[in-house]
Amino acid sequence: MSASLEGKIAIVTGAGRGIGEGIARKLGAEGATVACADVNTEDAGRVAQACGHPAYAVRLDVSRASECDSVVQATVDRHGRLDVLVNNAGINRDAMLHKMTDEQWDQVISVDLTGVFFMARAASRGMRSQGSGRIVNISSASWMGNVGQANYAAAKAGVIGLSRTAARELARSQVTVNAICPGFIDTAMTRGIPQQIREAQLARIPLGRAGQPADVAALVAFLASDEAGYITGEVINVGGGYVL
Ligand code: NAI
């Protein structure tokens with residue numbers, strides 16, 4: 001059987017480690033040419049190398065509109081098209097609402113929400129004119145509300161509104177837009193959570209384990225494939241039953 005993404009051109013943001021790394025590796029294994037985009041170029045380079053030819057690393061800070069525009073433009077110039085955009089880059093700066101600083105709020109909104117807007121806006125231009133495309137946005141189960149994450153939950157809820165609106169606008173161009181809400185995935189982000197909270201969160205997962213980046217990547221690969229062409233505007237949990 002041929003790989004499901006043979007010949008597709010993809011950009012994965014935040015591809016340097018964690019879930020983004022898992023997504024880049026999976027899309028590469030399915031035959032896509034992956035631009036591994038990350039603010040950390042060393043990590044992005046390592047992942048691109050692990051994906052093997054034709055993957056490559058690009059420096060990108062998603063919170064800067066000009067960088068988002070240039071990375072998308074450079075991809076289109078290099079390959080003549082962009083088929084798949086995965087908006088995965090994200091950060092957290094947790095604090096209780098009454099203690100949250102302006103900076104903590106602004107940083108998370110600019111990377112986790114505005115960054116998705118910048119990249120989706122840039123990618124949608126070419127996808128509209130080529131009459132095809134896949135945008136997969138990584139939101140979070142936290143969008144429904146989570147103690148200590150007012151900034152993060154607001155950004156991730158915003159990603160859902162943005163995804164659903166983009167899905168409506170781009171449908172006529174046969175471009176699909178979907179959001180994935182991972183639950184508790186074992187990455188550097190969750191390893192930073194205090195042990196007591198970590199254990200309480202793990203205990204809430206019906207399937208009895210933390211997720212792995214590959215669990216999220218499998219769904220991204222499917223949503224990016226031709227087979228998923230009739231699925232758009234969806235918000236899909238990958239959390240081992242976390243939200244049940
Ligand atoms: P991580 O912290 O392990 O990796 C994030 C990657 O994004 C890093 O390589 C980092 O350099 C890159 N990055 C950060 N800021 C960037 C920027 N401004 N521009 C470009 N790249 C940037 O995080 P993890 O866990 O892999 O998370 C990936 C995504 O999944 C994030 O959007 C996160 O919010 C989301 N998520 C993670 C969950 C988890 O349990 N780990 C659960 C739900 C959602």
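Visitor: What makes up the shell around the ligand, by class?
Guide: By class, that shell has 14 nonpolar, 10 polar and 4 charged residues. Ala, Val, Leu, Ile, Met, Phe, Trp, Tyr, Cys and Pro count as nonpolar, Asp, Glu, Lys and Arg as charged, and the others, Gly among them, as polar. This is a predicted model, where local features need pLDDT of at least 70 and side-chain atom pairs count only at pLDDT 80 or more, while totals for chains, interfaces and linings use all residues. Residues are numbered from 1 along each chain as its sequence is written, and side-chain values use heavy atoms, leaving out hydrogens and water.

Visitor: Which residues come nearest to the ligand?
Guide: Of the 28 residues around the ligand, these are Asp-38, Asn-88, Tyr-152, Ile-185 and Thr-187. A residue is near a molecule if one of its heavy atoms lies within 4 Å of it.

Visitor: What is the distance between Lys-156 and the ligand?
Guide: An N or O atom in the Lys-156 side chain is 2.9 Å from a ligand oxygen atom. A polar contact with the ligand is a pair of N or O atoms within 3.5 Å, so this pair qualifies. A backbone N or O atom of Val-62 is 3.0 Å from a ligand nitrogen atom.

Visitor: Why does Val-235 count as partly exposed?
Guide: Because its relative accessibility is 30%, and partly exposed lies between buried (under 20%) and exposed (over 50%), with a 1.4 Å probe and protein chains only.

Technical notes:
Polar contact = N/O pair within 3.5 Å; in protein donor to acceptor, adjacent residues only side chain to side chain.
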